Structures are given as structure tokens and as C-alpha cells.
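Have the sequence and the 3D view ready, and follow along.

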Amino acid sequence: MSDAGRFLPLALLGIVAGVSFVVQQSVNAKLRADLGSPSWAAFWSYVGGTLTMAVVLLVTRAPWIASSELAKSAWWGWTGGFFGAVYIVVSILLLPRLGAATVVALIVVGQMLASIAFDNAGAFGLARHPIDAARIAGAALLVAGVVLIRR
């Protein structure tokens with residue numbers, strides 16, 4: 001199978017994740033308006049996600065993780081929920097004020113800038129991908145995209 005043939009299904013899956021992201025943010029923003037609290041909206045979003053993952057674990061019959069596996073994990077590997085909560089609460093706060101397109105564009109810019117820095121440093125065990133002119137140009141185009149979307 002060609003590189004394009006292998007890439008296309010993965011790209012489509014990435015697009016599905018992107019659509020899911022916007023739906024999640026929109027639903028969370030509505031829940032915030034209904035509940036009057038971004039923190040409670042984020043909490044219930046996480047409850048729904050936790051229940052969904054419990055079903056996924058049951059359906060896929062994923063084995064329990066051994067305590068030895070838990071013990072050898074890096075401390076910072078357990079901070080994902082914290083960063084997820086920051087992302088969810090900030091998104092819930094910004095979406096009604098800035099609109100979905102601007103918020104998503106800003107998040108993508110933040111993701112891209114952090115990704116370039118993490119790739120360059122090989123942070124968190126990532127393979128190193130040095131910063132180069134093409135990556136800088138791509139990030140600059142994303143920033144320009146935010147400006148154009150916000151207009």
C-alpha cells in the first residue's frame with residue numbers, strides 16, 4: 001500500500017476527532033449556560049468521558065493494569081487530566097465570547113507552538129524533530145489564520 005493509501009484513513013480519523021472536538025466544545029458551552037457554571041459543565045463533561053471510557057474498556061476486554069506497570073510510570077504521566085481540565089474550562093469560558101472558529105484556531109495555534117517546541121526538545125519521550133524554516137512558516141500561517149478568522 002502506498003504512503004497516501006496509509007495516510008488517508010488516518011487523516012480521516014483525525015478529521016473525525018476534529019469534528020468531535022468542536023461538537024464537544026459547543027455542547028460544553030451550552031451546558032455551561034444551562035448550569036451557570038463552567039466548572040460544573042467541565043465536571044459533567046469528564047463524568048461522561050469517564051463513563052464512555054469504562055464502556056470502551058469493557059467492550060474491548062482490556063486487561064487490568066498491573067501495579068508494577070503503574071509504579072514504573074513517570075510522575076508527569078499522571079498530569080494529563082489536569083491539563084485536560086484546563087483546556088476544557090478555558091474552552092467553555094471562551095467559546096461563547098469568541099465563537100467556535102476563533103477558539104479552535106487559537107487552540108490549534110497553541111497546540112502547534114507547543115508541538116514544535118516539544119518535538120525540537122524531544123520532550124516527554126517524543127522523537128526529536130528539529131525546528132526548521134518550514135515548521136516556523138507553518139506556525140506563522142496558523143497565527144495568520146487566527147487573525148483572518150477573527151476579523
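Is serine 37 buried or exposed? Serine 37 is buried, because its relative accessible area is 15%, and buried means under 20% relative accessible area, exposed means over 50%, and partly exposed lies in between (1.4 Å probe, protein chains only). You'll find serine 37 in the loop between H1 and helix H2 (38–60). Its side chain reaches the backbone nitrogen of serine 39 at 3.4 Å. That is a polar contact, a pair of N or O atoms within 3.5 Å; within protein, one must be able to donate a hydrogen and the other to accept it, and residues adjacent in sequence count only if both atoms are side-chain atoms.

A quick word on the ground rules. This is a predicted model, where local features need pLDDT of at least 70 and side-chain atom pairs count only at pLDDT 80 or more, while totals for chains, interfaces and linings use all residues. Residues are numbered from 1 along each chain as its sequence is written, and side-chain values use heavy atoms, with hydrogens and water left out.

**The whole chain**

Now zoom out. The protein chain has six helices and zero strands, so if you read along the sequence you get α-α-α-α-α-α; helices (H or I, at least four residues) and strands (E, at least two) are DSSP runs, numbered from the N terminus. Along its principal axes, the C-alpha trace spans about 45 × 45 × 35 Å. Of the 151 residues in the protein chain, 15% are buried. The chain exposes about 10,800 Å², and carbon and sulfur atoms supply 74% of that. Accessible areas come from the Shrake-Rupley method with a 1.4 Å probe; for residues, only the protein chains shown count as cover. What about contacts, meaning heavy atoms within 4.5 Å? Among those between residues at least 6 apart in sequence, 60% join residues at least 24 apart.

**Along helix H1**

Leucine 8 sits in helix H1 (residues 3–35), and it counts as exposed because its relative accessible area is 51%.

A salt bridge is a side-chain nitrogen of Lys or Arg within 4 Å of a carboxyl oxygen of Asp or Glu, and a search of the whole structure finds four of them. Here are some:

| Salt bridge | N to O distance |
|---|---|
| Arginine 6 and aspartate 3 | 2.4 Å |
| Lysine 30 and aspartate 34 | 2.7 Å |
| Lysine 72 and glutamate 69 | 3.4 Å |

Arginine 6 and aspartate 3 are both in helix H1, three residues apart, about one turn of the helix. Aspartate 34 and lysine 30 are separated by about one helical turn, because they are four residues apart in helix H1. Why does that spacing matter? An α-helix has 3.6 residues a turn, so residues three or four places apart point the same way.

How open are these partners? Aspartate 3 is exposed at 60% relative accessibility, whereas arginine 6 is partly exposed at 42%. In the other pair, lysine 72 is exposed at 60% and glutamate 69 is partly exposed at 41%.

**Helix H5 and its neighbours**

Helix H5 (residues 100–121) has 22 residues and reaches 31 Å from its first C-alpha to its last, close to the 32 Å expected at 1.5 Å a residue. The expected span is 1.5 Å times one less than the number of residues. Which residues of H5 are buried? They are Thr102, Val103, Ala105, Ile107, Val109, Ile116 and Asp119. Their cover includes H1, helix H4 (80–98) and helix H6 (133–150).

Glutamine 111 also lies in helix H5, but it is partly exposed, with a relative accessible area of 44%. Its C-alpha is 9.9 Å from that of alanine 139, 28 residues apart along the chain.

**Positive phi angles**

Just after H5, glycine 122 takes a positive phi of about 70°. Phenylalanine 124, in the loop between H5 and H6, has a positive phi of about 55° although it is not a glycine. Arginine 61 is another non-glycine with a positive phi, near 55°. Arginine 61 belongs to the loop between H2 and helix H3 (67–71), and at 74% relative accessibility it counts as exposed.

Definitions and conventions
Contact means heavy atoms within 4.5 Å.
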